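Colleague: Could we go through this protein and its ligand together? I would like to have the structure in view as we talk.

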Amino acid sequence: MTHYRLYYAPGACSLASHIALEEIRRAGLADYATTRLLLPAGDQKKPEFLAVNPRGHVPVLSYRLDGKEGLLSENLAILRFLMRQHPQARLLPTAPELEARGWEWLSWLATDVHSYAFMQVFYPMRYAESLVAQAEVEASGRALLTRYWADLESRLPAQGFALGPGLADQGGEDYFSVVDALLIVFYRWAKRYGFAPQRHYPRWAALSERTLARPSVQAVFEEERINLSDRLPPRPAHLYQIPETEQ
Ligand SMILES: N[C@@H](CCC(=O)N[C@@H](CS)C(=O)NCC(=O)O)C(=O)O
């Protein structure tokens, strides 16, 4: 049986790949182990991890294929690889239009939402030196995210998972996909960073509850030791101070 290793950080974007692997394991298709990195401790920049991924990012998947060891970085590449290796895990519908809809979600979340907007909120110090400029960078990221959340909410179905209930090619059953696995990452981040999605975005909130009820997701949250209510540690004074009531 195929055996993987996932390098992840608790609650990071690697959570989506972790959930995909857990779905695969639960379907009896492959097994995996994990290596945990703590981003606040700088584990991603330590030589032992840079030897695995010189870009200093999680996730990384190590795998064995045709007798050879391989390493793959980039969340979407990992998800795609797992989909191809384990079609029986049904990580994304295969009907062309729905599959494309899935990729529309995945690429928007990984690029606009994560790399463009959230990075300004996570790391304003990577964009500007002065504290004032850093606060402006963060405000820019937060304004983008507020727009994006409204867009996201307007595209979600009222029921079922993100790609909708009653999919014609799946016998009408609800379809949990890697889109939902990635959406729960952003829902948790949105909560931690004070966007209060549980109050402002009812479809996203309901979807996240459904996702969290899934056994694979519960198992991965447990292993990563995270939940939807854990708070962000105190932030530097020049950055947005998240009101207790907004988390
Ligand atoms: N383009 C990469 C981005 C990965 C990424 O930004 N990972 C974050 C965690 S969500 C990370 O490892 N950050 C560490 C850092 O930037 O120092 C992907 O999609 O996999």
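Colleague: Where does the ligand sit?
Modeller: Please keep in mind that this is a predicted model. In it, the ligand sits in the largest pocket.

Colleague: Which residues come nearest to the ligand?
Modeller: There are 15 residues around the ligand, and those that come nearest are Q44, V58, E74, N75 and R126.

Colleague: What does V58 contribute, backbone or side chain?
Modeller: V58 contributes its backbone: an N or O atom there lies 2.9 Å from a nitrogen atom of the ligand.

Colleague: And which part of E74 is involved?
Modeller: For E74 the side chain is involved, with an N or O atom 2.7 Å from a nitrogen atom of the ligand. N75 uses a backbone N or O atom, which lies 2.8 Å from an oxygen atom of the ligand.

Colleague: How much of the ligand does the protein bury?
Modeller: The protein buries 91% of the 510 Å² that the ligand exposes when taken alone.

Colleague: How do the residues of the shell divide into nonpolar, polar and charged?
Modeller: Seven residues of the shell around the ligand are nonpolar, five are polar and three are charged.

Colleague: Let us change topic. Which domains does the chain have?
Modeller: The domain assignment gives domain 1 (3-89) and domain 2 (96-224). Their C-alpha centres lie 20 Å apart, and the contact takes 22 residues from domain 1 and 23 residues from domain 2.

Colleague: Back to the ligand, then: which domains does its shell draw residues from?
Modeller: The shell draws on domain 1 and domain 2, with at least three residues from each.

Terms used. Residues numbered from 1 in each chain as written. Predicted model: local features only at pLDDT ≥ 70, side-chain atom pairs only at ≥ 80, totals over all residues. Heavy atoms only, no water. Near = heavy atom within 4 Å. Polar contact = N/O pair within 3.5 Å; in protein donor to acceptor, adjacent residues only side chain to side chain. Areas by Shrake-Rupley, 256 points an atom, 1.4 Å probe, with all protein chains shown as cover. 1 Å grid on protein atoms, 1.4 Å probe; cavity = no way out; pocket = protein on both sides within 12 Å on 5 of 7 lines; lining within 4 Å. Sits in = over half its atoms within 2 Å of the grid points. Nonpolar A, V, L, I, M, F, W, Y, C, P; charged D, E, K, R; others polar. Domains from an automatic or database assignment. Contact = heavy atoms within 4.5 Å.
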